[in-house]
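Dear colleague,

A summary of the findings follows it.

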Amino acid sequence: MSLPLRSMLFIPGDSEKKMAKAPTCGADAVILDLEDSVSPENKPLARRLVPDFLRTTPRGQRTVQYWVRVNPFDTGLTLDDLAAIMPGAPDGIMQPKTNDPGDVRRLSHYLDALEAVHGLERGSVKILPVATETAIAPFTLGQFATAGLDRLAGLTWGAEDLSAALGASTNVDASGEWAFTYKMARSLCLLAAHASGVQAIDTLYVDFRNEEGLRASCRAARAEGFTGRIAIHPAQVAGINEGFMPSPEEVDHARRVLQAFAAHPGAGTVGLDGKMVDIPHRKQAERTLAQARAFSP
Ligand code: COA
Ligand code: MG
């Protein structure tokens, strides 16, 4: 699995001022955007600024992963986006509006060629598809598990473009929660990510001034199995990083689960605090400790 990502902060690629904040924003990755946060008239500008920014810090010296969201294939802009940014050695590409793993394979082939041209290690540029933004996409999510896509770092989902694709006037229900279709797409994304052995990245939390709401939402997402989340504002980064770290109580419990197994070599099930723990609990405990280790200073 590629490096773990709790928080990925979007930065519009036409804003030099916001991009300058990338190295110190505290996110695990930034996503320099060439797509929907950039107006058509500013796309050429963003295509110049993003590679300039990437080159300011070479790979290996970056404290934050530098990802780029390119425009999707049906715009005709993707190849030119890639040609512009690959000299800057991005760490990964966010691929919007994918229909299926075939779209990711096509991007991967382009990257094979461009890595060779620019002397980058083969396979080093990862891919994160936004895998629920078209009407067909949710039906193909399960195919990622057997697609053999070595560059696949995770799967994420988006509600805004899906509702546009459906001609829907809203994507929330009367109580403000995701409407059923979006809950379904989100769950399928979560399942497909784990079936594929990659990171499950939850979508953005729109209300960026509501810190408590964001924190509660991140805790809930992590409890369901999401491993990270998209941010749209620097103020969201700390809440997301914390929300996707195991709590001290969880780390302590995980240690005790593994100690209980260590005390009974060969046992498939042991007792702890009057409760049965078995192999799935052990795997969960190992995952919790791995997560805690990955981000301990
Ligand atoms: N990345 C880096 N810096 C950001 C930022 C971001 N995503 N969003 C805001 N900032 C900076 C601002 O430039 C400002 O800096 P300053 O204090 O030096 O002036 C500071 O953080 C506070 O910004 P604020 O005034 O609270 O927000 P805003 O009204 O300027 O911007 C948004 C609001 C939503 C436009 C902005 O957060 C943004 O551009 N988000 C990303 C949008 C995006 O990429 N969407 C694509 C995916 S849907
Ligand atoms: Mg979009």
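**Overall fold and magnesium site**

The protein chain contains eleven helices and ten strands. Please bear in mind that this is a predicted model.

As to overall dimensions, the C-alpha atoms of the protein chain occupy a box of roughly 65 × 50 × 40 Å along the principal axes. The radius of gyration is 20 Å, which agrees with the value near 19 Å that a compact globule of 297 residues would have. Of these 297 residues, 49% count as buried. Among contacts between residues at least 6 apart in sequence, 70% join residues at least 24 apart.

The charged side chains comprise 31 positive and 35 negative ones, and the centres of the two sets lie 4 Å apart.

The magnesium ion (ligand 2) may be of particular interest to you. Its protein donors are Asp36 (OD) and Asp161 (OD), which lie 2.1 to 2.5 Å from the ion. Asp36 belongs to the loop between strand E2 (29-33) and helix H2 (43-56), whereas Asp161 is in helix H6 (residues 160-165), so the pair ties together parts that are 125 residues apart in sequence.

With kind regards

Note on methods. Residues are numbered from 1 along each chain as its sequence is written. Chains are lettered from A and ligands numbered from 1 in the order in which they are written. This is a predicted model: local features need pLDDT of at least 70, side-chain atom pairs count only at pLDDT 80 or more; totals for chains, interfaces and linings use all residues. Side-chain values use heavy atoms; hydrogens and water are left out. Helices (H or I, at least four residues) and strands (E, at least two) are DSSP runs, numbered from the N terminus. The radius of gyration is taken over C-alpha atoms; the globule rule is 2.2 Å times the number of residues to the power 0.38. Buried means under 20% relative accessible area, exposed over 50%, partly exposed in between (1.4 Å probe, protein chains only). Contact means heavy atoms within 4.5 Å. Lys and Arg count as positive and Asp and Glu as negative; His and the chain ends are not counted. The place of a charge is taken as NZ of Lys, CZ of Arg, CG of Asp or CD of Glu. Donors are N, O and S atoms within 2.8 Å of the metal (3.2 Å for Na, K and Ca); water is not among the atoms, so sites may look incomplete.
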